[in-house]
Amino acid sequence: MPGSSDDYVRVMPVDEIAEAEIYEFEVDGEPRILTRVGDEIFACDGICTHEYAELAEGEIEDHVVYCPLHGSGFDLRTGAVTSLPAVTPLPIYDVKIEGGQVFVSRRPRGESGA
Amino acid sequence: MARRPVSVLLGAGVAGHFAADALRQAGFDGQVLLIGAEPVRPYDRPSLSKGFLQGQKEADALFFRPEAFYRERDIELLLGRRAVALDVAARRVALDSGESVRYDKLLIATGAGPIRPRLPGFDLSGVHVLRSLADATALREDLAAAERVVIVGAGFIGCEVAASARALGRAVTLVDLLTAPMGHVLGDELAAVYAELHRAHGVDLRMGRRVVELRGQGRVEEAVLDDGTRLVCDVVVVGVGVRPEAGLAADAGLAVDRGILVDEHGATSALDVYAAGDVAYWWHPTLGRRLMVEHFDHAGMQGAAVGRAMAGQPESYAPVPSFWTDQYDTTLQYYGYPIGWDQVVLRGEPSAFAVSAFYLVGGRVVAAAMLNRPKEHRAARRLVAARAAVEPAVLADPDTDLRALAKQLAGE
Ligand SMILES: Cc1cc2nc3c(=O)[nH]c(=O)nc-3n(C[C@H](O)[C@H](O)[C@H](O)COP(=O)(O)OP(=O)(O)OC[C@H]3O[C@@H](n4cnc5c(N)ncnc54)[C@H](O)[C@@H]3O)c2cc1C
Ligand code: FES
């Protein structure tokens with residue numbers, strides 16, 4: 001990954017991120033997604049915790065990402081399940097902006113959701 | 001010293017699991033007892049007809065949570081025990097093990113059981129129903145050696161089993177009085193698309209027909225249809241619907257009509273007794289009528305809502321019900337109220353198995369079913385939640401931006 005430091009990975013310029021659009025990227029070969037809600041940018045795992053589906057094909061509504069397969073919803077702020085059938089929370093990554101670039105933490109935030 | 005209050009959850013299935021979790025999340029610190037007739041802790045029932053039957057998933061992968069999850073939350077599991085009597089005056093449940101359990105609050109989440117037709121030959125070996133992990137294990141073993149499978153009933157279970165049996169390379173005949181698979185729920189228009197889908201995957205569809213008898217020497221060898229046709233087979237799967245497991249409640253004098261009657265908080269007619277999931281016939285407060293829903297999302301959500309109510313945090317449960325079904329490489333997502341319709345509008349490409357169906361009553365959208373159209377899920381759900389009045393031609397028009405329409409008609 002270009003521009004990666006140990007803990008954070010550079011993803012893309014902040015001004016290229018459109019509201020409620022989903023952007024895919026990879027960290028260490030694992031899919032992640034990025035999106036924007038209002039002024040806030042969120043990053044989470046790219047694969048649903050229910051069965052197997054790419055969340056990049058899903059939808060964003062309010063602060064929730066919805067899986068394209070069976071409609072599970074995950075709160076982008078905490079990873080908590082907001083709509084079934086998923087049972088397990090979605091890993092969430094910290095986001096920081098430096099020099100107009102979005103950086104995402106390599107490791108998920110400590111036990112999140114509920 | 002005050003006695004610790006006891007919450008008993010009867011039925012360790014989907015609703016029971018989510019209720020137990022919600023009780024603890026809501027801060028209930030009394031005793032939580034999750035009692036179930038099956039010998040295993042709560043698991044993902046929908047996988048039984050799909051990944052598990054196809055051998056892509058083993059039983060270990062089906063459990064919602066590891067045992068430690070229940071231990072850490074002090075949720076006691078009493079498995080392999082069936083409740084045989086309920087006494088609401090004494091607040092006691094009698095189990096088939098001889099034990100008797102006292103409750104302060106009780107949830108009945110006993111689900112539903114498959115209907116077994118009383119027709120000749122349906123008790124032969126090789127004839128299966130599919131509800132539990134034990135059922136699915138037995139069916140999977142039988143399918144491994146089978147060549148020809150006859151499926152009685154083209155509802156969700158029958159159709160999913162048909163798809164799984166085809167994936168295993170078995171010859172499959174699907175028989176139902178319906179004119180097309182799942183037509184009673186999805187309507188003729190979308191059901192016709194599913195008929196094509198199953199045919200394209202090599203299923204022999206016998207619609208408008210009924211199996212009247214199964215024959216064989218000890219083990220099933222043929223199925224006889226109402227027109228006299230005889231279908232050679234070595235496995236039969238019966239999927240003709242389910243009946244709520246409400247007998248215990250009815251015997252205890254609770255109000256039961258099809259399912260156990262509950263209000264918007266999941267409360268039954270008996271004090272401190274609740275019901276949730278497939279067994280409940282529940283009052284939807286914003287719709288202003290009772291609904292019977294036999295799907296996963298509802299069981300989990302209502303179970304959780306009742307868990308919170310039992311912990312002293314009642315909330316009005318008024319969801320847009322939803323379900324999914326996966327068959328072959330397709331997925332269908334449904335949002336809506338199972339209250340019938342007077343018009344169905346299709347949007348998309350039926351021939352490519354990528355189509356949405358909108359169900360209208362008096363010009364208002366009451367349900368929507370999206371077959372392989374994931375980008376329309378949320379907009380459709382919003383239209384349903386608002387019961388929006390939409391011109392059929394606008395819905396059908398491929399140039400209509402559904403999200404913009406939902407925003408305009410259903411608000412933010
Ligand atoms: C094969 C299959 C596939 C499915 N696929 C889908 C799908 O794709 N999408 C979807 O939305 N829904 C699906 N469903 C439906 C969904 O699984 C059910 O709606 C859901 O399980 C209902 O949850 P419940 O808690 O009400 O009942 P259950 O999950 O059935 O749990 C009830 C439990 O109570 C136990 N019990 C019953 N009586 C007693 C008693 N007297 N004492 C103690 N325990 C008792 C039962 O053994 C059972 O374990 C499927 C169902 C099946 C069977
Ligand atoms: S895989 Fe995402 S909801 Fe099932």
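Which residue's backbone N or O atom lies 3.5 Å from an oxygen atom of ligand 1? That's B:Glu294.

Some ground rules: this is a predicted model, where local features need pLDDT of at least 70, side-chain atom pairs count only at pLDDT 80 or more, and totals for chains, interfaces and linings use all residues. Residues are numbered from 1 along each chain as its sequence is written, chains are lettered from A and ligands numbered from 1 in the order in which they are written, and side-chain values use heavy atoms, leaving out hydrogens and water.

**Around ligand 1**

| Residue | Part with the N or O atom | Distance to an oxygen atom of ligand 1 |
|---|---|---|
| B:Glu38 | side chain | 2.5 Å |
| B:Lys50 | side chain | 2.6 Å |
| B:Glu294 | backbone | 3.5 Å |

On its own, ligand 1 has 990 Å² of accessible area (Shrake-Rupley method, 1.4 Å probe; for residues, only the protein chains shown count as cover), and the protein covers 94% of that. In chain B, helix H1 (14-25), helix H4 (156-167), helix H7 (296-310) and strand S23 (322-327) each give two or more residues to the shell. These are DSSP runs numbered from the N terminus: helices are H or I with at least four residues, strands E with at least two.

The shell counts 29 residues, and B:Ala15, B:Glu38, B:Lys50, B:Arg131 and B:Asp278 come nearest; being near takes a heavy atom within 4 Å. By class, 12 are nonpolar, 8 polar and 9 charged. Here Ala, Val, Leu, Ile, Met, Phe, Trp, Tyr, Cys and Pro are nonpolar, Asp, Glu, Lys and Arg charged, and the others, Gly among them, polar.

**Domains and chains**

Ligand 1 lies between domain 1 (6-113 + 243-310) and domain 2 (127-240) of chain B, because both give residues to its shell. The bounds come from an automatic or database domain assignment, which also gives domain 3 (329-409). Taken over C-alpha atoms, the centres of domain 1 and domain 3 of chain B are 32 Å apart. Contact (heavy atoms within 4.5 Å) links 7 residues of domain 1 of chain B with 4 of domain 3 of chain B.

As for the chains, 23 residues of chain B touch 18 of chain A, by that contact criterion.

Note on methods: A polar contact is a pair of N or O atoms within 3.5 Å; within protein, one must be able to donate a hydrogen and the other to accept it, and residues adjacent in sequence count only if both atoms are side-chain atoms.
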